[in-house]
Amino acid sequence: MNARALLYSPNLHSLYTSNRPPETSNRNRRTLKSDPKSLRVWIYQRNRSSVFRVLVRSSDKRESSSNSYAESIKEGGEMVNRNGVVSDSVSLVPWWEEFPKRWVIVLLCFSAFLLCNMDRVNMSIAILPMSAEYGWNPATVGLIQSSFFWGYLLTQIAGGIWADTVGGKMVLGFGVIWWSIATILTPIAAKLGLPFLLVVRAFMGVGEGVAMPAMNNILSKWVPVQERSRSLALVYSGMYLGSVTGLAFSPFLIHHFGWPSVFYSFGSLGTVWLTLWLTKAESSPVEDLTLLPEERKLIADNCASKEPVKSIPWRLILSKPPVWALIGCHFCHNWGTFILLTWMPTYYHQVLKFNLMESGLLSVFPWLTMAISANAGGWIADTLVSRGFSVTNVRKIMQTIGFLGPAFFLTQLKHIDSPAMAVLCMACSQGTDAFSQSGLYSNHQDIAPRYSGVLLGLSNTAGVLAGVLGTAATGHILQHGSWDDVFTISVGLYLVGTVVWNLFSTGEKIID
């Protein structure tokens, strides 16, 4: 029973006592009338809550039970009449403090992934004036671009283990500040020489490599299963919008302030994010002392037990067919996705005959499409789960769209002559691809919530390898073949992934 309900309860007289509470300081104390027959209330302000002390002194003169025990009280803009009815309620808590804490965590993860891709794609724009200034040839440019993945590959599994054992808050915070520092140091390293630049770019990959496993670990503890798809979709859409933001603002900054300004400005945003993260986030609801009881109960009732992980059961994890289905399908998915996102400007320029400026602007369009589709797919998936569809069926439906959609639109490119239709077809391909956020990208938390960080590290390692191998293989194919050959391989892997996913995947917890 809350304090106000207790104060005006008809049975309050049963709690009366003749013992006066200990004398306290007059500071922050307010009382009712000093009549010995009246109810006295001391209110002590303690941060957001108030502590009530109640004293009733009886009189020799009998009072009718119908008499009121208190006059009307107006406190903090809230009027309570003599019968204890709130007549003009005004919330004492700011709206931003009533906002669900789990969605604060989701939005902070979203902003971290926004910064992640902003800091990653700025090099693809800045490399043009940098190569002109330092005289780098195309082979050197390719080496610099690939150096990021050296560190990125190293920390996928390690980041998952670290997040599952010490908590995602520390790991994600480390990742953001690490890659932000590496971003700021990039112009300095470039001036010192190529080896220094390669090391700094690899260090940046180390920081960004732990981000995805750490985020997955945090959300597995904070987000109920019926909100899982849309929360993950929102976080991953931060990556897409980060690419849009980076590609849109980098040319402006370079034109007005020079190419180093891109790295200094983008990198400094990480310190702002870290300040908010350290003050607002916790690794799990258990560690958050400010979490409201209603939200704590909602999370506890709809999330699996999240005791700290002391050891990783590798044999058990690697013995499960759904785990291997997840790893294999992540490879199939990223092969096509990385090729399209890496080689799309070249395709626009060589095949559709757009100039370089047009190619760069049109490359933003698929990222926007993916951001919209990912969030739409997340809401659809969560709606299906809340209406009684099994998680397994929902994951299979969403990932099937994520595989067959791109496969269909890529096969149509060879039959299209209009550049506008080709651009639309590519956007539709990436838009349907984004439904994977509610498919395989949500499945780690379904099948192994306690080890979701490790599991994402495993599958994303396969996904990064697919991106590296697919990007390199595409260059080799284009020297001896055509774009139709490139798309045919991607379509084939999408079809293989569809079959494997529908045969072996599950949405049920298989590892406790």
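Q: Why does serine 220 count as buried?
A: Buried means under 20% relative accessible area, while exposed means over 50% and partly exposed lies in between, computed with a 1.4 Å probe on protein chains only. Serine 220 has 0% relative accessibility and therefore counts as buried. This is a predicted model, in which local features need pLDDT of at least 70 and side-chain atom pairs count only at pLDDT 80 or more, while totals for chains, interfaces and linings use all residues. Residues are numbered from 1 along each chain as its sequence is written, and side-chain values use heavy atoms, with hydrogens and water left out.

Q: What makes the pairing of serine 220 with serine 452 a polar contact?
A: A polar contact is a pair of N or O atoms within 3.5 Å; within protein, one must be able to donate a hydrogen and the other to accept it, and residues adjacent in sequence count only if both atoms are side-chain atoms. The side chains of serine 220 and serine 452 make such a contact at 3.4 Å.

Q: Why are helix 8 and helix 14 called roughly antiparallel?
A: Angles run from 0 to 180 degrees between N-to-C directions, with axes fitted to C-alpha atoms over the stretch in contact; those under 35 degrees count as roughly parallel, over 145 as roughly antiparallel, 65 to 115 as roughly perpendicular and the rest as oblique. Helix 8 (residues 228-257) and helix 14 (residues 364-386) pack at about 170 degrees, with their axes 8 Å apart, and they are therefore roughly antiparallel.

Q: What makes a set of residues a nonpolar core?
A: Such a core consists of buried Ala, Val, Leu, Ile, Met, Phe, Trp, Tyr and Cys residues joined through side-chain atoms within 4.5 Å. The largest one here has 105 residues, and Trp273 is among those with the most contacts inside it. Helix 3 (residues 101-134) gives the most to this core, with 16 residues.

Methods: Helices (H or I, at least four residues) and strands (E, at least two) are DSSP runs, numbered from the N terminus.
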